[in-house]
Amino acid sequence: MEHLDWPFFDDKHRELASALDAWCVPHLAHVDHSDIDAACKGLVKALGEGGWLKHAIAGTALGGSAEVIDTRAICLLRETLARYDGLADFAFAMQGLGSGAISLAGTPEQRQRYLPRVARGEALAAFALSEPHAGSDVAALRCEAFDDGDSYVLDGDKTWISNGGIADFYVVFARTGEQPGSRGISAFIVDADTPGLEIAERIEVMAPHPLATLHFRGCRVPKSQRIGAAGEGFKIAMRTLDVFRTSVAAAALGFGRRALQEGLDQAKTRPMFGAHLADLPLAQAKLADMACKIDSAALLVYRAAWLRDQGKPITKEAAMAKLVATESAQSVIDSALQLFGGRGVRMGEVLESLYREIRPLRIYEGASEVQQLIIGRELLK
(Lines give C-alpha, C1' and ligand atoms only; values in the text may rest on other atoms or scores of the structure.)
Protein backbone atom coordinates (compact mmCIF):
# COMPACT_ATOMS: atom_id res chain seq x y z
CA MET A 1 0.00 0.00 0.00
CA GLU A 2 3.07 2.29 -0.04
CA HIS A 3 2.03 3.67 -3.43
CA LEU A 4 -0.95 5.36 -1.78
CA ASP A 5 1.49 7.97 -0.47
CA TRP A 6 2.27 9.07 -4.03
CA PRO A 7 1.10 12.58 -4.96
CA PHE A 8 -1.40 11.21 -7.50
CA PHE A 9 -3.87 10.59 -4.68
CA ASP A 10 -6.00 12.66 -2.32
CA ASP A 11 -6.88 11.58 1.20
CA LYS A 12 -10.27 10.34 -0.04
CA HIS A 13 -8.51 7.89 -2.37
CA ARG A 14 -6.31 6.57 0.43
CA GLU A 15 -9.31 6.12 2.69
CA LEU A 16 -11.23 4.38 -0.10
CA ALA A 17 -8.45 1.89 -0.83
CA SER A 18 -7.95 1.14 2.86
CA ALA A 19 -11.67 0.62 3.46
CA LEU A 20 -12.05 -1.72 0.48
CA ASP A 21 -8.99 -3.71 1.53
CA ALA A 22 -10.58 -4.26 4.94
CA TRP A 23 -13.90 -5.23 3.32
CA CYS A 24 -12.27 -7.75 0.99
CA VAL A 25 -10.76 -9.84 3.78
CA PRO A 26 -14.08 -11.24 5.09
CA HIS A 27 -16.11 -10.95 1.89
CA LEU A 28 -13.74 -12.39 -0.73
CA ALA A 29 -11.77 -14.98 1.21
CA HIS A 30 -14.03 -17.90 0.31
CA VAL A 31 -15.94 -17.08 -2.88
CA ASP A 32 -17.38 -20.27 -4.41
CA HIS A 33 -16.51 -20.25 -8.12
CA SER A 34 -18.11 -23.60 -8.94
CA ASP A 35 -21.12 -21.84 -10.52
CA ILE A 36 -19.70 -18.80 -12.30
CA ASP A 37 -23.06 -17.21 -13.10
CA ALA A 38 -24.27 -17.49 -9.51
CA ALA A 39 -20.92 -16.31 -8.17
CA CYS A 40 -20.93 -13.25 -10.42
CA LYS A 41 -24.49 -12.32 -9.49
CA GLY A 42 -23.65 -12.78 -5.81
CA LEU A 43 -20.57 -10.60 -6.09
CA VAL A 44 -22.50 -7.81 -7.83
CA LYS A 45 -25.08 -7.92 -5.05
CA ALA A 46 -22.38 -7.87 -2.34
CA LEU A 47 -20.49 -5.03 -4.02
CA GLY A 48 -23.70 -3.05 -4.29
CA GLU A 49 -24.63 -3.64 -0.66
CA GLY A 50 -21.10 -2.71 0.37
CA GLY A 51 -21.42 0.65 -1.38
CA TRP A 52 -18.59 0.03 -3.84
CA LEU A 53 -20.62 0.12 -7.06
CA LYS A 54 -21.59 3.75 -6.47
CA HIS A 55 -18.09 4.61 -7.72
CA ALA A 56 -18.83 2.94 -11.08
CA ILE A 57 -21.58 5.38 -12.11
CA ALA A 58 -21.90 9.15 -12.39
CA GLY A 59 -24.47 11.30 -10.58
CA THR A 60 -25.00 11.63 -6.83
CA ALA A 61 -28.78 11.88 -7.26
CA LEU A 62 -28.65 8.48 -8.99
CA GLY A 63 -26.65 6.75 -6.27
CA GLY A 64 -23.20 7.60 -7.59
CA SER A 65 -20.35 8.75 -5.36
CA ALA A 66 -19.75 11.88 -7.47
CA GLU A 67 -21.16 13.79 -10.42
CA VAL A 68 -18.44 12.40 -12.70
CA ILE A 69 -16.61 9.09 -12.50
CA ASP A 70 -13.34 9.39 -10.56
CA THR A 71 -10.77 7.47 -12.61
CA ARG A 72 -8.31 7.12 -9.74
CA ALA A 73 -11.02 5.67 -7.52
CA ILE A 74 -12.03 3.19 -10.23
CA CYS A 75 -8.40 2.13 -10.65
CA LEU A 76 -7.77 1.72 -6.91
CA LEU A 77 -10.94 -0.32 -6.55
CA ARG A 78 -10.06 -2.62 -9.43
CA GLU A 79 -6.47 -3.03 -8.27
CA THR A 80 -7.62 -4.00 -4.78
CA LEU A 81 -10.38 -6.35 -5.92
CA ALA A 82 -8.07 -8.08 -8.42
CA ARG A 83 -5.54 -8.67 -5.68
CA TYR A 84 -8.15 -10.71 -3.80
CA ASP A 85 -10.39 -12.27 -6.45
CA GLY A 86 -10.41 -11.95 -10.23
CA LEU A 87 -14.13 -12.54 -10.56
CA ALA A 88 -14.87 -9.80 -8.03
CA ASP A 89 -12.84 -7.39 -10.17
CA PHE A 90 -14.75 -8.56 -13.25
CA ALA A 91 -18.11 -8.09 -11.54
CA PHE A 92 -17.23 -4.55 -10.50
CA ALA A 93 -15.71 -3.59 -13.84
CA MET A 94 -18.68 -4.73 -15.89
CA GLN A 95 -21.12 -2.67 -13.82
CA GLY A 96 -19.05 0.37 -14.78
CA LEU A 97 -18.25 -0.50 -18.39
CA GLY A 98 -21.72 -1.84 -19.12
CA SER A 99 -23.44 1.31 -17.87
CA GLY A 100 -20.68 3.79 -18.74
CA ALA A 101 -22.32 5.01 -21.93
CA ILE A 102 -25.48 5.81 -19.96
CA SER A 103 -23.45 7.73 -17.37
CA LEU A 104 -21.69 9.70 -20.09
CA ALA A 105 -24.41 10.32 -22.67
CA GLY A 106 -27.74 8.95 -21.45
CA THR A 107 -30.90 11.02 -21.23
CA PRO A 108 -32.18 11.93 -17.75
CA GLU A 109 -34.86 9.24 -18.14
CA GLN A 110 -32.32 6.59 -19.15
CA ARG A 111 -30.01 7.50 -16.32
CA GLN A 112 -32.83 7.39 -13.76
CA ARG A 113 -34.12 4.05 -15.04
CA TYR A 114 -30.83 2.16 -15.07
CA LEU A 115 -28.04 3.75 -13.02
CA PRO A 116 -29.54 3.53 -9.51
CA ARG A 117 -30.15 -0.20 -10.00
CA VAL A 118 -26.59 -0.66 -11.26
CA ALA A 119 -25.21 1.15 -8.20
CA ARG A 120 -27.27 -1.00 -5.82
CA GLY A 121 -26.21 -4.21 -7.54
CA GLU A 122 -29.79 -4.95 -8.56
CA ALA A 123 -29.26 -4.88 -12.34
CA LEU A 124 -26.32 -6.42 -14.19
CA ALA A 125 -24.96 -4.38 -17.11
CA ALA A 126 -23.18 -5.45 -20.31
CA PHE A 127 -21.26 -3.66 -23.07
CA ALA A 128 -21.99 -5.21 -26.49
CA LEU A 129 -19.47 -3.88 -28.98
CA SER A 130 -17.35 -6.77 -30.33
CA GLU A 131 -18.46 -8.92 -33.26
CA PRO A 132 -17.08 -12.02 -35.00
CA HIS A 133 -15.37 -9.78 -37.60
CA ALA A 134 -14.97 -6.58 -35.58
CA GLY A 135 -12.86 -6.70 -32.47
CA SER A 136 -9.95 -4.31 -32.47
CA ASP A 137 -11.31 -2.70 -35.65
CA VAL A 138 -14.55 -1.34 -34.15
CA ALA A 139 -15.43 0.63 -37.28
CA ALA A 140 -15.85 -2.67 -39.16
CA LEU A 141 -18.88 -3.81 -37.15
CA ARG A 142 -21.80 -5.21 -39.17
CA CYS A 143 -24.71 -5.38 -36.72
CA GLU A 144 -27.36 -3.08 -38.17
CA ALA A 145 -30.18 -1.02 -36.71
CA PHE A 146 -32.88 -0.03 -39.21
CA ASP A 147 -35.00 3.06 -38.60
CA ASP A 148 -38.65 1.97 -38.50
CA GLY A 149 -40.87 4.80 -37.34
CA ASP A 150 -40.74 5.13 -33.56
CA SER A 151 -38.31 2.19 -33.24
CA TYR A 152 -35.11 0.71 -34.54
CA VAL A 153 -34.92 -2.93 -35.62
CA LEU A 154 -31.60 -4.62 -34.78
CA ASP A 155 -30.17 -7.47 -36.84
CA GLY A 156 -26.73 -9.00 -36.39
CA ASP A 157 -24.41 -10.72 -33.96
CA LYS A 158 -22.25 -9.70 -31.02
CA THR A 159 -19.66 -11.95 -29.42
CA TRP A 160 -17.21 -12.06 -26.50
CA ILE A 161 -19.83 -10.13 -24.55
CA SER A 162 -18.99 -10.06 -20.84
CA ASN A 163 -22.02 -10.76 -18.63
CA GLY A 164 -23.65 -12.24 -21.72
CA GLY A 165 -26.48 -14.49 -20.61
CA ILE A 166 -26.83 -13.01 -17.11
CA ALA A 167 -27.08 -9.26 -17.81
CA ASP A 168 -30.35 -7.42 -17.27
CA PHE A 169 -29.56 -4.99 -20.08
CA TYR A 170 -27.01 -4.53 -22.86
CA VAL A 171 -25.59 -1.33 -24.32
CA VAL A 172 -25.41 -2.33 -27.98
CA PHE A 173 -23.57 -0.57 -30.79
CA ALA A 174 -25.05 -1.01 -34.27
CA ARG A 175 -24.67 0.50 -37.70
CA THR A 176 -27.40 3.04 -38.52
CA GLY A 177 -25.67 4.31 -41.67
CA GLU A 178 -25.81 8.09 -41.32
CA GLN A 179 -22.28 8.25 -42.76
CA PRO A 180 -19.66 5.66 -43.79
CA GLY A 181 -17.46 3.85 -41.30
CA SER A 182 -17.36 4.83 -37.66
CA ARG A 183 -19.56 7.90 -38.20
CA GLY A 184 -22.59 5.73 -38.97
CA ILE A 185 -22.85 3.83 -35.66
CA SER A 186 -25.40 4.42 -32.89
CA ALA A 187 -25.76 3.14 -29.32
CA PHE A 188 -28.85 1.51 -27.82
CA ILE A 189 -29.98 0.13 -24.48
CA VAL A 190 -31.52 -3.29 -25.04
CA ASP A 191 -33.22 -4.99 -22.11
CA ALA A 192 -32.41 -8.68 -21.82
CA ASP A 193 -36.04 -9.76 -22.27
CA THR A 194 -36.54 -7.83 -25.53
CA PRO A 195 -38.03 -10.10 -28.23
CA GLY A 196 -35.51 -10.83 -30.97
CA LEU A 197 -32.50 -10.89 -28.63
CA GLU A 198 -31.19 -14.42 -28.13
CA ILE A 199 -28.21 -15.88 -26.30
CA ALA A 200 -26.74 -17.91 -29.14
CA GLU A 201 -23.81 -19.43 -27.26
CA ARG A 202 -22.17 -19.33 -23.87
CA ILE A 203 -18.40 -19.11 -24.26
CA GLU A 204 -16.06 -20.95 -21.91
CA VAL A 205 -12.63 -19.36 -21.47
CA MET A 206 -9.45 -20.09 -19.52
CA ALA A 207 -10.32 -17.58 -16.80
CA PRO A 208 -13.99 -18.45 -16.18
CA HIS A 209 -16.26 -15.43 -16.58
CA PRO A 210 -19.80 -15.13 -17.97
CA LEU A 211 -19.34 -14.62 -21.72
CA ALA A 212 -21.73 -15.11 -24.62
CA THR A 213 -22.53 -14.59 -28.28
CA LEU A 214 -25.73 -12.62 -28.88
CA HIS A 215 -28.08 -12.87 -31.87
CA PHE A 216 -30.33 -9.97 -32.84
CA ARG A 217 -33.09 -11.04 -35.23
CA GLY A 218 -35.77 -8.43 -35.83
CA CYS A 219 -35.12 -7.02 -32.36
CA ARG A 220 -37.32 -3.94 -32.04
CA VAL A 221 -35.98 -1.21 -29.75
CA PRO A 222 -37.85 2.08 -29.09
CA LYS A 223 -36.03 5.21 -30.21
CA SER A 224 -36.19 6.37 -26.60
CA GLN A 225 -33.59 3.65 -25.92
CA ARG A 226 -30.99 5.21 -28.22
CA ILE A 227 -28.10 6.79 -26.31
CA GLY A 228 -27.06 10.13 -27.75
CA ALA A 229 -27.75 11.25 -31.30
CA ALA A 230 -27.89 8.93 -34.29
CA GLY A 231 -24.41 8.28 -35.66
CA GLU A 232 -22.64 9.17 -32.40
CA GLY A 233 -22.26 5.62 -31.13
CA PHE A 234 -18.59 5.26 -32.02
CA LYS A 235 -17.70 8.42 -30.09
CA ILE A 236 -19.73 7.22 -27.12
CA ALA A 237 -18.02 3.82 -27.21
CA MET A 238 -14.58 5.43 -27.31
CA ARG A 239 -15.43 7.82 -24.47
CA THR A 240 -16.60 4.86 -22.39
CA LEU A 241 -13.46 2.87 -23.12
CA ASP A 242 -11.31 5.91 -22.31
CA VAL A 243 -12.74 5.89 -18.78
CA PHE A 244 -12.26 2.19 -18.17
CA ARG A 245 -9.18 1.25 -20.24
CA THR A 246 -6.86 2.61 -17.57
CA SER A 247 -8.72 0.51 -15.01
CA VAL A 248 -7.87 -2.64 -17.00
CA ALA A 249 -4.24 -1.74 -16.38
CA ALA A 250 -5.06 -1.29 -12.70
CA ALA A 251 -6.60 -4.77 -12.54
CA ALA A 252 -3.44 -6.21 -14.10
CA LEU A 253 -1.48 -4.32 -11.46
CA GLY A 254 -3.57 -5.99 -8.75
CA PHE A 255 -2.88 -9.44 -10.18
CA GLY A 256 0.82 -8.60 -10.38
CA ARG A 257 0.96 -7.35 -6.79
CA ARG A 258 -0.65 -10.55 -5.54
CA ALA A 259 1.86 -12.61 -7.51
CA LEU A 260 4.79 -10.63 -6.12
CA GLN A 261 3.56 -11.13 -2.55
CA GLU A 262 3.03 -14.85 -3.13
CA GLY A 263 6.53 -15.07 -4.62
CA LEU A 264 8.09 -13.25 -1.68
CA ASP A 265 6.33 -15.50 0.85
CA GLN A 266 7.40 -18.59 -1.06
CA ALA A 267 11.03 -17.47 -1.36
CA LYS A 268 11.25 -16.72 2.36
CA THR A 269 9.86 -20.08 3.47
CA ARG A 270 10.89 -22.63 0.82
CA PRO A 271 13.94 -24.67 1.92
CA MET A 272 16.62 -24.82 -0.74
CA PHE A 273 20.17 -26.21 -0.59
CA GLY A 274 20.43 -25.94 3.19
CA ALA A 275 19.00 -22.41 3.34
CA HIS A 276 15.94 -20.77 1.83
CA LEU A 277 15.12 -19.87 -1.76
CA ALA A 278 15.34 -16.19 -0.83
CA ASP A 279 19.02 -16.61 0.08
CA LEU A 280 19.95 -17.48 -3.52
CA PRO A 281 21.15 -14.55 -5.66
CA LEU A 282 19.15 -15.79 -8.66
CA ALA A 283 15.92 -15.68 -6.64
CA GLN A 284 16.78 -12.22 -5.31
CA ALA A 285 17.39 -10.98 -8.85
CA LYS A 286 14.06 -12.38 -10.00
CA LEU A 287 12.23 -10.71 -7.12
CA ALA A 288 13.98 -7.41 -7.86
CA ASP A 289 12.93 -7.57 -11.49
CA MET A 290 9.32 -8.31 -10.46
CA ALA A 291 9.25 -5.35 -8.06
CA CYS A 292 10.64 -2.96 -10.69
CA LYS A 293 7.99 -4.03 -13.20
CA ILE A 294 5.21 -3.55 -10.67
CA ASP A 295 6.29 -0.04 -9.71
CA SER A 296 6.90 0.98 -13.33
CA ALA A 297 3.40 -0.16 -14.25
CA ALA A 298 1.85 1.52 -11.21
CA LEU A 299 3.42 4.87 -12.07
CA LEU A 300 2.02 4.72 -15.60
CA VAL A 301 -1.43 3.60 -14.41
CA TYR A 302 -1.87 6.36 -11.87
CA ARG A 303 -0.30 9.02 -14.07
CA ALA A 304 -2.96 8.28 -16.69
CA ALA A 305 -5.75 8.18 -14.09
CA TRP A 306 -4.60 11.45 -12.51
CA LEU A 307 -4.36 13.20 -15.87
CA ARG A 308 -7.87 12.12 -16.83
CA ASP A 309 -9.24 13.37 -13.53
CA GLN A 310 -7.64 16.75 -14.34
CA GLY A 311 -9.61 16.81 -17.60
CA LYS A 312 -6.55 16.14 -19.79
CA PRO A 313 -6.61 13.90 -22.90
CA ILE A 314 -4.95 10.57 -22.11
CA THR A 315 -5.06 8.56 -25.34
CA LYS A 316 -1.31 7.93 -25.30
CA GLU A 317 -0.97 7.68 -21.53
CA ALA A 318 -3.84 5.19 -21.16
CA ALA A 319 -2.39 3.05 -23.95
CA MET A 320 1.03 3.08 -22.29
CA ALA A 321 -0.51 2.12 -18.96
CA LYS A 322 -2.49 -0.79 -20.38
CA LEU A 323 0.39 -2.07 -22.49
CA VAL A 324 3.02 -1.96 -19.76
CA ALA A 325 0.78 -3.08 -16.88
CA THR A 326 -0.68 -6.12 -18.64
CA GLU A 327 2.59 -7.26 -20.18
CA SER A 328 4.49 -6.68 -16.93
CA ALA A 329 1.88 -8.49 -14.83
CA GLN A 330 2.10 -11.50 -17.16
CA SER A 331 5.87 -11.54 -16.67
CA VAL A 332 5.64 -11.09 -12.89
CA ILE A 333 3.09 -13.88 -12.52
CA ASP A 334 5.21 -16.20 -14.66
CA SER A 335 8.26 -15.44 -12.51
CA ALA A 336 6.33 -16.00 -9.29
CA LEU A 337 5.04 -19.32 -10.60
CA GLN A 338 8.62 -20.32 -11.40
CA LEU A 339 9.54 -19.72 -7.75
CA PHE A 340 6.83 -22.19 -6.78
CA GLY A 341 8.13 -24.89 -9.09
CA GLY A 342 5.75 -27.78 -9.77
CA ARG A 343 3.31 -26.60 -7.14
CA GLY A 344 2.69 -23.44 -9.15
CA VAL A 345 0.93 -25.26 -12.01
CA ARG A 346 -1.34 -27.31 -9.79
CA MET A 347 -5.05 -26.55 -10.29
CA GLY A 348 -6.44 -24.46 -7.46
CA GLU A 349 -3.15 -22.80 -6.53
CA VAL A 350 -3.17 -18.99 -6.42
CA LEU A 351 -0.44 -18.68 -9.06
CA GLU A 352 -2.18 -21.10 -11.40
CA SER A 353 -5.35 -19.02 -11.14
CA LEU A 354 -3.47 -15.74 -11.65
CA TYR A 355 -1.75 -17.21 -14.70
CA ARG A 356 -5.14 -17.81 -16.30
CA GLU A 357 -6.60 -14.50 -15.12
CA ILE A 358 -3.89 -12.28 -16.57
CA ARG A 359 -3.73 -13.66 -20.09
CA PRO A 360 -7.04 -12.22 -21.39
CA LEU A 361 -6.15 -8.73 -20.15
CA ARG A 362 -3.47 -8.50 -22.84
CA ILE A 363 -6.25 -8.83 -25.42
CA TYR A 364 -9.54 -7.29 -24.30
CA GLU A 365 -10.29 -3.56 -24.51
CA GLY A 366 -7.47 -3.25 -27.01
CA ALA A 367 -4.78 -5.89 -27.51
CA SER A 368 -1.17 -5.03 -26.71
CA GLU A 369 -0.41 -4.62 -30.41
CA VAL A 370 -3.26 -2.12 -30.75
CA GLN A 371 -1.88 -0.15 -27.80
CA GLN A 372 1.49 -0.01 -29.58
CA LEU A 373 -0.20 1.37 -32.69
CA ILE A 374 -2.01 4.00 -30.63
CA ILE A 375 1.18 5.10 -28.87
CA GLY A 376 3.09 5.26 -32.16
CA ARG A 377 0.41 7.32 -33.86
CA GLU A 378 0.18 9.72 -30.93
CA LEU A 379 3.94 10.21 -30.93
CA LEU A 380 3.92 10.99 -34.65
CA LYS A 381 1.18 13.63 -34.44
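Q: What sits over the ring of Tyr 152?
A: The charged end of Lys 223 does, at 5.6 Å from the centre of that ring; please keep in mind throughout that this is a predicted model.

Q: Okay, and how many aromatic pairs does a search of the whole structure find?
A: The search turns up six aromatic pairs. One of them joins Tyr 114 and Phe 169, whose rings are tilted, with 4.7 Å from centre to centre and 55° between the planes.

Q: Which parts does that pair tie together?
A: Tyr 114 belongs to helix H5, residues 108-120, while Phe 169 belongs to strand S4, residues 169-175, so the pair links parts that stand 55 residues apart in sequence.

Q: Are those two buried or exposed?
A: Tyr 114 has a relative accessibility of 0% and therefore counts as buried, and Phe 169, also at 0%, counts as buried as well.

Q: Switching to pockets, how much space lies in the largest one?
A: The largest pocket holds about 1,400 Å³ of space. Its lining is made up of 49 residues, and those nearest the centre are Ser 130, Ile 363, Tyr 364, Glu 365 and Gly 366.

Q: Which elements give two or more residues to that lining?
A: They are helix H4 (86-105), strand S3 (151-162), helix H6 (233-269), helix H8 (315-340), helix H9 (350-361) and helix H10 (368-380).

Q: And how do the residues of the lining of the largest pocket divide into nonpolar, polar and charged?
A: The lining of the largest pocket has 28 nonpolar residues, nine polar ones and 12 charged ones.

Q: How much space lies in the second largest pocket?
A: About 530 Å³ lies in the second largest pocket. The residues lining this pocket number 27, with His 33, Tyr 84, Asp 85, Gly 86 and Ser 353 closest to its centre.

Q: Where does the largest share of its lining come from?
A: The largest share of the lining of the second largest pocket comes from H9, which supplies six residues. The elements that each supply at least two residues are helix H1 (11-27), helix H3 (71-84), H4, H6 and H9. By class, this lining has 15 nonpolar, six polar and six charged residues.

Q: New topic: what is phi of Asn 163 near?
A: Phi of Asn 163 is near 70°, which is a positive value in a residue other than glycine. As background, most residues other than glycine have a negative phi.

Q: Where is Asn 163 found, then?
A: Asn 163 is in the loop between S3 and S4, and with a relative accessibility of 1% this residue counts as buried.

Q: What about phi of Phe 273?
A: Phi of Phe 273 is near 50°, again a positive value in a residue other than glycine. Phe 273 is in the loop between strand S9 (271-272) and strand S10 (275-276).

Conventions:
Residues numbered from 1 in each chain as written. Predicted model: local features only at pLDDT ≥ 70, side-chain atom pairs only at ≥ 80, totals over all residues. Heavy atoms only, no water. Phe/Tyr/Trp six-rings, centres within 6.5 Å; stacked < 30°, edge-to-face > 60°. Helix = DSSP H or I, 4+ residues; strand = E, 2+ residues; numbered from the N terminus. Buried < 20%, exposed > 50% of the residue type's maximum accessible area, 1.4 Å probe, protein only. Lys NZ or Arg CZ within 6 Å of the ring centre and 35° of its normal. 1 Å grid on protein atoms, 1.4 Å probe; cavity = no way out; pocket = protein on both sides within 12 Å on 5 of 7 lines; lining within 4 Å. Points joined across faces, edges and corners; volume = space filled by probe spheres on them. Nonpolar A, V, L, I, M, F, W, Y, C, P; charged D, E, K, R; others polar.
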